[in-house]
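This briefing concerns the structure shown below. Please keep the sequence and the model in view while reading.

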Amino acid sequence: MSDSLGESAGSSTRTYSFVWSHFKLVENEEKTQCNYCGMLYKKTGGNTTNLYKHLQKKHPSKVKTEVESGKMDKFVKKELPNVPGELSFTLDAWTSPSYIPFLGITVHWISYEWELKEILINFCKLSGPHSGENLHKVFVKCCDDMRILTKVLSTF
């Protein structure tokens with residue numbers, strides 16, 4: 001796996017966010033430190049919003065580089081097909097107050113270190129109803145696009 005995706009910064013902390021490639025854990029893993037300016041932040045569970053805002057404000061070129069590099073897309077397309085065993089998924093479909101239907105697809109797996117991992121692989125606007133047939137069609141297309149359809153146990 002890549003340095004910033006899917007690896008653990010602590011025994012129970014997931015670090016899927018790209019911000020972890022710009023921060024390190026210090027002081028018995030109770031604080032995080034920016035790799036560029038040394039600014040310290042208290043570790044707040046798995047929340048990385050404050051770290052992301054720091055990057056946006058103090059190091060905007062680093063945020064732009066990460067987004068343009070497609071690091072998450074590379075991880076999903078190159079690493080996920082090689083994880084051990086099968087993948088499990090959760091789908092969350094809903095309609096916004098503006099009557100726009102959305103679907104979120106999260107993949108779950110167990111790493112070689114026997115750690116439960118998860119990552120959001122797609123968040124898309126649905127066309128059509130939240131019917132099983134429509135959700136199945138979107139799910140299969142997403143998995144096929146991400147090259148992980150062979151890791152799905154069943155698509156009915």
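Predicted model: local features only at pLDDT ≥ 70, side-chain atom pairs only at ≥ 80, totals over all residues.

**Overall architecture**

- Along the sequence, the elements follow the order β-β-β-β-β-α-α-α-β-β-β-α.
- Among contacts in the protein with a separation of 6 or more, 41% are between residues 24 or more positions apart.
- The protein exposes about 9700 Å², and carbon and sulfur atoms supply 53% of that area.

**Helix α4**

- Helix α4 covers residues 132–145, which makes 14 residues.
- Its end C-alpha atoms are 20 Å apart, in agreement with the 20 Å that the helix should span at 1.5 Å a residue.
- The buried residues of α4 are Asn134, Leu135, Val138, Phe139, Cys142 and Cys143.
- An α-helix has 3.6 residues a turn, so residues three or four places apart point the same way.
- The cover over the buried residues of α4 includes the strands β6 (88–95), β7 (101–110) and β8 (116–125).
- After α4 comes Arg147, which has a positive phi, near 65°.

**Cysteines**

- The structure contains zero disulfides.
- For Cys37, the closest cysteine sulfur belongs to Cys34 and is 3.8 Å away, which is too far for a bond because a disulfide requires two cysteine sulfur atoms within 2.5 Å.
- Cys37 is partly exposed, and its relative accessible area is 44%.
- Cys124 is likewise in no disulfide, and the nearest cysteine sulfur, in Cys142, is 6.8 Å from its own.
- Cys124 has a relative accessibility of 15% and therefore counts as buried, the cut-off being under 20%.
- Cys142, the residue with that nearest sulfur, is itself one of the buried residues of α4.

Conventions. Residues numbered from 1 in each chain as written. Heavy atoms only, no water. Helix = DSSP H or I, 4+ residues; strand = E, 2+ residues; numbered from the N terminus. Contact = heavy atoms within 4.5 Å. Areas by Shrake-Rupley, 256 points an atom, 1.4 Å probe, with all protein chains shown as cover. Expected span 1.5 Å × (residues − 1). Buried < 20%, exposed > 50% of the residue type's maximum accessible area, 1.4 Å probe, protein only.
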